[in-house]
Amino acid sequence: MEFPRLTPSGDSLPSGRRLFRRPEELTDDQFDLLAAAWADDSLRGDSLAETEEALAASPERRIRAESFRKIRLSPLNDRWEGRNRMLKAAPAAYAMRRTLIVTLTVAATLAAMVILGPLVTKSGTRSAAPAVAETEKVDEAITIAEAQTMSEALIAEASPVIRTLPAEGITLVKQQNNIDASVTSSSPDAISEEWAGSRTPESHTSDAVIVTMHDFAGELPILAAAPEASRLAPVELKAVNPVEAAERDRNWIVRGVSMLARAITKEPESVDGYLIANACIRGVNRVLGWEMELEQEKNNEGEPLTTNFSSSLLTFSAPVKKTYP
Amino acid sequence: MTIKEYNNAVREFGDHVYRFILRSIKDSHRADDIVQDTYEKLWRCVTEIEYGAVKSWLFSTAYNRMIDVIRKDSRLVDVEYYDDSSLYAEDNGSDLNEVLHRALETLPQAQRSVILLRDYEGYSYREIAEITGLSEAQVKTYIFRGRVALRNYLVKTSVWQ
């Protein structure tokens, strides 16, 4: 089934001929827009051909259109000041920077430990004195006579052992003002007398008296069996090597660093803790821009007296601990 | 995009984006903030963007950020109702480029931005359209109108006879 179709009539626009335009009829504003497009090389095909035709027909318009080619902006000297702030560190550089910070932190901690180590040790020694004095007050209830009687009774019970006690090598150590005084006794009685004598109030005043018994403690059942033995504590007998004792008293960090330094430098001299700490502090100051100071005061003979440390957070002055008499 | 490529993008395109925003918004502090925000955003999605597309991404992001700032400050001047009576003042500058930049400041923001992208960076109309979110026809219209306005500025300020 077919539907009827409309057929266009033969009507035409009567004034159609007058509507046709030529390129010369473009207004200046219209031409400027066209010229701007032409100068921007954005015309293609028929548009470009017609424009070229119009420019060819009018030299004035060509000059006008050519002027648009000169309207081009060039960048001025504008610099972005924040550019460097936006740069990001590569992972390797970041890890290296982080490692450096950790290393410096450890170095600073070590320096602080080296500096504060002797101070802590000294304060610990000072705090031991009152404790010993307190123990002595308790012991004052026991008279010397009672102690001697009790000692004689115990000696009688264990006399065979005590008689075989080797006289040599037993050293009664009295530590007073950090000075070791060794007294070698020839018999257990002498030891008792010496010990009893040292416990008189006149013999020890404000200083701590530390009698140590170490290597021969197992060979002294008199002391082990006595109920008052605990009151004599701390008691330790030992053979004393002054050099070893001095080395043991040194800060373990200093010893470790000294060993490491000796292994590296092949030099027999040990590294001074003050030198290590000062080097660490200078290194931290240089890298982090801090202003910590460490200096050592010395007497006329060149012996160090005090170590002074100052920073924005902590300032102290520590007397130098003299390990060697 | 790697971190190295990101840093290259900062070194290579940082000044370009900055001067585009600076000349568009005419405020150095805001331009600095906008470009920094743009790079912060780039850093957050650094692994998702290819280096080849980073330049147009930077310009597009910075442009949108600038539009947000302008709208927030209610400084946006509608192109359709822009009054160009203030365009033409006496200008005795001798350097044509400097005069053109002074003339540029008298243009509406949209025209200014597309002309800057076209002249400074040499982007095509399609690329400018992608960056600014306008249609290609709009970009052409803004550029041609802008050029005509710049020429009129030069003529009316006696730079061009």
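Reader: With which residue does R64(A) form a salt bridge?

Author: This is a predicted model, in which local features need pLDDT of at least 70, side-chain atom pairs count only at pLDDT 80 or more, totals for chains, interfaces and linings use all residues, and side-chain values use heavy atoms, with hydrogens and water left out. Residues are numbered from 1 along each chain as its sequence is written, while chains are lettered from A and ligands numbered from 1 in the order in which they are written. A salt bridge is a side-chain nitrogen of Lys or Arg within 4 Å of a carboxyl oxygen of Asp or Glu. For R64(A), the closest N and O atoms are 2.6 Å apart, and the partner is D32(A).

Reader: How many residues apart in sequence are the parts that R64(A) and D32(A) tie together?

Author: Helices are DSSP runs of H or I with at least four residues, and strands are runs of E with at least two, numbered from the N terminus. R64(A) lies in helix α3 (residues 59-69) of chain A and D32(A) in helix α1 (residues 28-39) of chain A, so the parts tied together are apart in sequence by 32 residues.

Reader: Is D32(A) buried or exposed?

Author: Buried means under 20% relative accessible area, exposed over 50%, and partly exposed in between (1.4 Å probe, protein chains only). R64(A), at 24% relative accessibility, counts as partly exposed. D32(A) has 2% relative accessibility, and therefore counts as buried.

Reader: Which residue forms a salt bridge with D119(B)?

Author: The closest N and O atoms of this pair are 2.7 Å apart, and the partner of D119(B) is R147(B). D119(B) lies in helix α5 (residues 109-121) of chain B and R147(B) in helix α7 (residues 136-156) of chain B, so the pair ties together parts 28 residues apart in sequence. D119(B) counts as buried at 15% relative accessibility.

Reader: Which residues are linked with D119(B) and R147(B) in a network of salt bridges?

Author: The network holds D119(B) and R147(B) together with residues of chains A and B.

Reader: What separates E130(B) and R126(B) in helix α6?

Author: E130(B) and R126(B) form a salt bridge whose closest N and O atoms are 3.1 Å apart. E130(B) is exposed at 52% relative accessibility, whereas R126(B) is partly exposed at 46%. Because the two are four residues apart in helix α6 (residues 125-132) of chain B, the separation is about one helical turn.

Reader: How many aromatic pairs does a search of the whole structure find over all chains?

Author: Rings of Phe, Tyr and Trp (its six-membered ring) pair if their centres lie within 6.5 Å; planes under 30 degrees apart count as stacked, over 60 as edge-to-face and the rest as tilted. Over all chains, the number of aromatic pairs found is eight.

Reader: What is the angle between the planes of F13(B) and Y51(B)?

Author: F13(B) and Y51(B) form a tilted aromatic pair, 6.5 Å centre to centre. F13(B) is in helix α1 (residues 3-25) of chain B and Y51(B) in the loop between α2 (28-44) and α3 (54-72) of chain B, 38 residues apart. The angle between the planes is 35°.
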